[in-house]
Amino acid sequence: MGVLTFSINVTLDGCVDHQEGIADEETHALFTRLMDESGAMLWGRVTYEMMESYWPTVARGDEEAPPAMREWAVKLEVKPKYVVSSTRSDFPWTNSHHIAGDLRTGVQALKDATPAGVLLGSGKLATELDRLDLIDEYRLVIHPRIAGHGPTLHESGLRSTRRLELVSANPLRCGAVAMHYRRAH
């Protein structure tokens, strides 16, 4: 069975707005390595739509981008992408698949079928999957910013506190820290 890893950029005050992180070569290279280590990507519909509106154009070379962003886009193009949605069923982006029906059953089946692991990159979906005890690891990049707005990490709450074990903490040149935690059992 593969591990489900939730990975996202977050500010010091918990904001997960994708525009608030530092998107430099080093952070893009970090997320590309995380994607390379995983067998599949998992997103909610909103994140999928945001990603599909931009990254395929970078992968094709239609959009100017630094080398690290282009590498991410090219690798993302071929990576299996799974989308949870109750409002949309067509996902035409290359190698995209819909997870429909019961969330626990669908995501558990994806984990079971993906020994290299699944990389989750959607905040709202992460809250739902955390409520179902399906997330095994957390790879958070904490940015040295206070956004003062949302959305925030798990803003709709969890039923209980998640106890985590620190695996690693790596400072980046931009001042962000890449944190790797595993669920404590």
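Is Asp-133 buried, partly exposed or exposed, and what is its relative accessible area? Asp-133 is partly exposed at 46%, where buried means under 20% relative accessible area, exposed over 50% and partly exposed in between (1.4 Å probe, protein chains only). Before going on, note that this is a predicted model, in which local features need pLDDT of at least 70 and side-chain atom pairs count only at pLDDT 80 or more, while totals for chains, interfaces and linings use all residues. Residues are numbered from 1 along each chain as its sequence is written, and side-chain values use heavy atoms, leaving out hydrogens and water.

Asp-133 forms a salt bridge with Arg-183, their closest N and O atoms being 3.4 Å apart; the term means a side-chain nitrogen of Lys or Arg within 4 Å of a carboxyl oxygen of Asp or Glu. Arg-183, by contrast, counts as buried at 14% relative accessibility.

By this rule the count comes to 14 salt bridges. Another of them joins Lys-75 to Asp-36, with 2.8 Å between the closest N and O atoms. Lys-75 lies in helix H4 (residues 67-78) and Asp-36 in helix H1 (residues 25-37), so this pair ties together parts 39 residues apart in sequence. Helices here are DSSP runs (H or I, at least four residues), as are strands (E, at least two), numbered from the N terminus.

Now turn to helix H5 (residues 103-113), where Gly-106, Val-107, Leu-110 and Lys-111 are buried. They sit on the same side of H5 because they cover an arc of only 135° around the axis, taken from the directions from the helix axis to the C-beta atoms. The face turned away from that buried side carries the exposed residues Thr-105 and Ala-113.
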